[in-house]
Amino acid sequence: MASAFISFSLLFISLWTADGFLEYVVERCVFNSTEPKDIEYIYSAYFNKVEDVRYSSSLGKFVGYTEPGLMYAKNWNNDPSILARRSSEKERVCQPNIGIYYQAVLSKSAMPYVVLSSTTPPGGKHVAMLVCSVFDFFPKQIKVFWLRDGQEVTSDVTSTDELADADWYYQIHSHLEYTPRSGEKISCVVEHASLKQPLVTDWDPSMPESERNKIAIGASGLILGLILSLAGFIYYKTKARGRILVPTN
């Protein structure tokens, strides 16, 4: 009997691999708090990576997505015992574990860092644009706004949505179009769950970013030129000391 069981198992594995058929189910708990109303239990049945049918605790029934899935959904929705079993999984599977995951993940936060830069606006009534780029924050919810001489700017401001990075962090970019005024103070303000107080970053308008880059490049070139000149001078003096002068009549 033992040998027959082993042969059957190997044959089953061989057929499974050769024909490429794969049927499996996935159970998920989707939540954003520990409150029962914010928890959704989802049961999905797949065949070869295609979802056939799904049960959602939010709907309280099965929904089919393929021809076989429509048949499964119809049959299972007509069976009170199957619906009752799926309905109880939210309380049995999700709720006891969500407290652990919530403390491990959702209650954590990562502080953002801010980069201010200037660019040329695409057009319109203003001649300048500032970009406030906020990187590497978690959770997703964040508020970014501009202050001009201590007053919040409510016009000529555009912003991207919170953009997800591949490492679970987020980034966002806010743009302010403006016409510079002498002596003004412009700041980008970030409010986030990870911060005890708003993060305020002031823009330094003393020199445009492009000019700072030009000066940095010029200074680097000057230093390199001085180093090469000094090396050439040292080489010349070294060769001169080693030269032998022959007197002529």
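This is a predicted model: local features need pLDDT of at least 70, side-chain atom pairs count only at pLDDT 80 or more; totals for chains, interfaces and linings use all residues.
Student: How many bridges join E7 to E12?

Tutor: Seven bridges join E7 to strand E12 (residues 186–192), and the two run antiparallel. Within that pairing, Arg148 is opposite Ile186 of E12.

Student: And how many join E7 to E8?

Tutor: Two bridges connect E7 with strand E8 (residues 151–152), again in the antiparallel sense. Leu147 has Glu152 of E8 as its bridge partner.

Student: What about E12 and E13?

Tutor: E12 and E13 pair antiparallel over four bridges. Cys188 is found opposite Thr201 in E13.

Student: Why is E7 described as largely enclosed?

Tutor: Strand E7 covers residues 142–148, and five of its seven residues are buried, so the rest of the structure largely encloses it. A residue counts as buried when its relative accessible area is under 20%.

Student: Which charged residue lies over the face of Phe145?

Tutor: That residue is Lys143, at 5.0 Å from the ring centre.

Student: Moving to Cys132: where does it lie, and is it buried or exposed?

Tutor: Cys132 belongs to strand E6 (residues 128–137). Its relative accessibility is 0%, so Cys132 counts as buried.

Student: What is Cys132 in contact with, leaving aside its neighbours within four places in sequence?

Tutor: Its contacts include Val114, Val115, Leu116, Val144, Trp146 and Cys188. Ile172, His173 and Ser174 are also among them.

Student: How far apart are the C-alpha atoms of Cys132 and Cys188?

Tutor: They are separated by 6.4 Å, while the two residues are 56 residues apart along the chain.

Student: Now the other sheet, with E1 in it. Which strands stand at its edges?

Tutor: This open sheet has four strands in the order E1-E2-E3-E4, paired antiparallel. Strand E1 (23–31) and strand E4 (61–64) are at the edges, each with a single partner strand, so one side of each lacks a neighbour in the sheet. From one strand to the next, the twist averages 20°.

Student: How are E2 and E3 joined?

Tutor: Six bridges join E2 to E3, which run antiparallel. Phe47 has Val50 in E3 as its bridge partner.

Student: Which helix lies across E3 and E4?

Tutor: Helix H2 (residues 67–77) does, and it runs at about 165° to E4.

Student: Let us turn to the aromatic residues. How many aromatic pairs are there?

Tutor: The structure has eight aromatic pairs. In the pair of Tyr41 and Tyr55, the ring centres are 6.3 Å apart and the planes stand at 55°, so the pair is tilted. Tyr41 lies in strand E2 (residues 39–47) and Tyr55 in strand E3 (residues 50–56), so the pair ties together parts that are 14 residues apart in sequence.

Student: Are those two tyrosines buried or exposed?

Tutor: Tyr41 is buried, and Tyr55 is buried as well.

Student: Which residues form a cluster with them?

Tutor: One aromatic cluster is formed by Tyr41, Tyr43, Tyr55, Phe62, Tyr72 and Trp76. The charged end of Arg86 sits over the ring of Tyr43, 4.0 Å from its centre.

Student: Last topic: the backbone. Which peptide bond is cis?

Tutor: The bond joining Phe138 and Pro139 is cis, with omega of about 5°. Pro139 is placed in the loop between E6 and E7. Most peptide bonds are trans, and most residues other than glycine have a negative phi.

Student: What is the phi of Lys49?

Tutor: Phi of Lys49 is near 70°, a positive value in a residue other than glycine. Lys49 is located in the loop between E2 and E3. With 72% relative accessibility, Lys49 counts as exposed.

Student: And where does Asp149 lie?

Tutor: Asp149 lies in the loop between E7 and E8. The hairpin of these strands has two residues between them, and Asp149 takes a positive phi near 55° there. Asp149 has a relative accessible area of 43%, so this residue is partly exposed.

Definitions and conventions
Residues are numbered from 1 along each chain as its sequence is written. Side-chain values use heavy atoms; hydrogens and water are left out. Buried means under 20% relative accessible area, exposed over 50%, partly exposed in between (1.4 Å probe, protein chains only). Two strands pair if DSSP finds at least two bridges between them. Rings of Phe, Tyr and Trp (its six-membered ring) pair if their centres lie within 6.5 Å; planes under 30 degrees apart count as stacked, over 60 as edge-to-face and the rest as tilted. A charge sits over a ring if NZ of Lys or CZ of Arg is within 6 Å of the ring centre and within 35 degrees of the ring normal. Contact means heavy atoms within 4.5 Å. Axes are lines fitted to C-alpha atoms, for helices over the stretch in contact, and angles run from 0 to 180 degrees between N-to-C directions.
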